[in-house]
Every structure is written in structure tokens, then in C-alpha cells.
Amino acid sequence: MTTHEVRTRAVRLGPRSLAALCLVSAVGVAGFGWPLFADPTSQVAAHAQDAPWLFAGLLVLLVAVVTATISESGLGPKAVAMLGVLAATGAALRPIGAGTAGIEPMFFLMVLSGRVLGPGFGFVLGSVTMFSSALLTGGVGPWLPFQMLAMGWFTMGAGLLPGPDRMRGRGELALLAAYGFCAAFAYGTVMNLAGWPFMGALASNVAFDPHADVTANLARFLAYCVATSLGWDLGRAVVTVVLTLTLGAPLLKALRRATRRAAFETPVTFEPR
């Protein structure tokens, strides 16, 4: 009996999984971006302080995506175990350097895992890792669904990068480092957008104004990002780049070897005697 090694995604997005992912992403975009597009006279703007709890329902949709993806893909026990190990490792890495200039090593692990295991596995891994991390650190709150969705997007994006089967060596590490640098800023920006409308104590020139138009609020939001999180996002981006370039090669090799041993979707054939 022999097996043929093929380069396939660890978690394939079937029709139901893809539909669920599109739905949760659409709701997530609305959840993140409503402050910039809501009519100042609408009930959404009038009840801005209630929005975090309303959008916490996004957590239910995220759990549905994870469940549908795993069940529909037919992952074996080894693949599910690998998902658990990577999620636990990422959750354990997150508290390291917490509160210190954006030193968050879990992001580089998510980039490399998404690259090797594909966008489907990446979204599930990112969401589950953030959920596990919140349980570990006591960070459960109305912000958790936004963090799960943002990390799912972050990890899924690495799986969508070009050349997963052909590109290797320094070129691949450079691509992953560049993605990690840009995506670290993107993650910080969307998370800022999730919390920015509810910072009522901020100075008026950077706070969300429910009566202002899109252009004015966008300018306020950019000023808020520069004033509050630019340094943190830069630290996260630099740490991701450094760890990717220094530890990326052996970790990519280890992840690919583990994927083969876990027999992710590998067809088994029998040779006639």
C-alpha cells in the first residue's frame, strides 16, 4: 500500500462552509464599518453605545463557520489534533510581551500556518486561536467576536498568497514577511474601528461624531489610529517580520512535514501484486 503525496488544503471550504464564511464576513464588515456609513439620524447612530453587545452575536456566527468547516471538510482525528495543537500554541504565545510595544509573536505563527495549511484551515485556526487565547487570559468580552473575525481574516490571507506549491526559500520568506508587516497594521486598524465609536472620553477632534459625514469621521479615525496605536502596530509588524525571517524556514519545514504525517486529505491507493 502506498500513498501519493499531494499538496491540498487542510480544510477545504465546501459550499455550506463558503456560504457561512461569506455571511459572517458580510456581517463582520457591517459590524466594523457601520460608524463610517450609518446615517447620523438613523437608529444605529442613536444607539451607538448598545452596538458592542448587539454585534457580540457575531460570535455565534463565527462558531457556526468553524463547526461547518470542520464537519464538511471531513477532517480526520490527526488533522483536528493538529488544529488544536496550533491553536493552543498560538494562545500560549499571545500573552508573551503583552503590554510591551506590540510584541505579539503569535502573529508570525498564524502567517506561517495559514501559508502551509491553506485559507480554509487558516480562518478556522485564527478564530479558534483567538477564542482559546481569550479563555486563557480572561479576555472574554464584546470585543472577542471582532478579534476572532479579524484574526481569521489575517490567517486566511496568508493562505491566499500566490505560489504555495512552487515558491520556496528566501523568496517565500520575503513574501510572508511583507504580508505579515502589512497585515499586522491592517489587523490593528480594523480592531481600532471596532472600538473607536465607543471612546466617548476622547478629545473631540479624534472621537467618533455620529452627526458628522463619512469624510469627517474618516479623518477623525485616521487621527485616532496615529495618536493611539501606530507605535503598537509598528511593533507588532516588526516582530512578525523578524520572527518570520529568522524562524520561518525551519517552522515551515516542520509544518509541512506534520501536514504530510497527518495525511490531510491524502488519497490512499493499493498497488496490485
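pLDDT is the predictor's confidence in each residue, on a scale from 0 to 100. What you have here is a predicted model, in which local features need pLDDT of at least 70 and side-chain atom pairs count only at pLDDT 80 or more, while totals for chains, interfaces and linings use all residues. Residues are numbered from 1 along each chain as its sequence is written, and side-chain values use heavy atoms, with hydrogens and water left out.

The chain averages a pLDDT of 77, and 74% of the residues score at least 70. Confidence is highest in α8, at 91, and lowest in strand β1 (residues 2-3), at a mean of 40. (Helices, H or I with at least four residues, and strands, E with at least two, are DSSP runs numbered from the N terminus.) Over residues 1-6 the pLDDT is below 50, and this stretch has 15 contacts in the model beyond near neighbours in sequence; a contact means heavy atoms within 4.5 Å. Residues 267-271 also stay under 50, with 11 contacts beyond four places in sequence. Where pLDDT is low, the predicted coordinates should not be read in detail.

Now for the fold. The chain has 10 helices and two strands, and reading along the sequence gives the pattern β-α-α-α-α-α-α-α-α-α-α-β. Of the contacts with a separation of 6 or more, 83% come from residues 24 or more positions apart.

What about the inside? In soluble globular proteins, nonpolar side chains tend to be buried together. A nonpolar core, here, is a set of buried Ala, Val, Leu, Ile, Met, Phe, Trp, Tyr and Cys residues joined through side-chain atoms within 4.5 Å. The largest one has 54 residues, and those with the most contacts inside it are Phe-32, Leu-86, Phe-123, Met-151, Phe-154 and Tyr-187. At least two residues each come from α1 (15-37), α4 (58-73), α5, α6, α7 (144-159), α8, α9 (214-228) and α10. The largest share, 15 residues, is from α6. For a close-up, take Phe-32: setting aside residues up to four places away in sequence, Phe-32 touches Phe-146, Leu-149, Ala-150, Trp-153, Val-190, Met-191, Leu-193 and Ala-194.

Next come the charges. Side chains of opposite charge can pair when their charged atoms come close. Counting a salt bridge as a side-chain nitrogen of Lys or Arg within 4 Å of a carboxyl oxygen of Asp or Glu, you get four salt bridges. In one of them, the side chains of Arg-236 and Glu-104 meet at 2.8 Å, N to O. Arg-236 sits in helix α10 (residues 230-261) and Glu-104 in the loop between α5 (77-93) and α6 (106-137), so this pair ties together parts that are 132 residues apart in sequence.

Arg-115 lies in helix α6 and Glu-172 in helix α8 (residues 170-195), so the pair ties together parts that are 57 residues apart in sequence. Arg-115 is buried, with a relative accessible area of 2%, and Glu-172 counts as buried at 2% as well.

The side chains of Arg-256 and Glu-172 also form a salt bridge, at 2.6 Å, N to O. With Arg-256 in helix α10 and Glu-172 in helix α8, this pair links distant parts of the chain, 84 residues apart. Arg-256 is buried, with a relative accessible area of 15%. Not counting residues up to four places away in sequence, Arg-256 touches Arg-115, Val-116, Pro-164, Arg-168 and Glu-172.

One last stop is Ser-229, in the loop between α9 and α10. Ser-229 is buried, with a relative accessible area of 8%. Leaving aside neighbours within four places in sequence, Ser-229 is in contact with Asn-192 and Tyr-224. A polar contact of 2.6 Å joins the side chains of Ser-229 and Asn-192; the term covers a pair of N or O atoms within 3.5 Å where, within protein, one must be able to donate a hydrogen and the other to accept it, and residues adjacent in sequence count only if both atoms are side-chain atoms.

Technical notes
Buried < 20%, exposed > 50% of the residue type's maximum accessible area, 1.4 Å probe, protein only.
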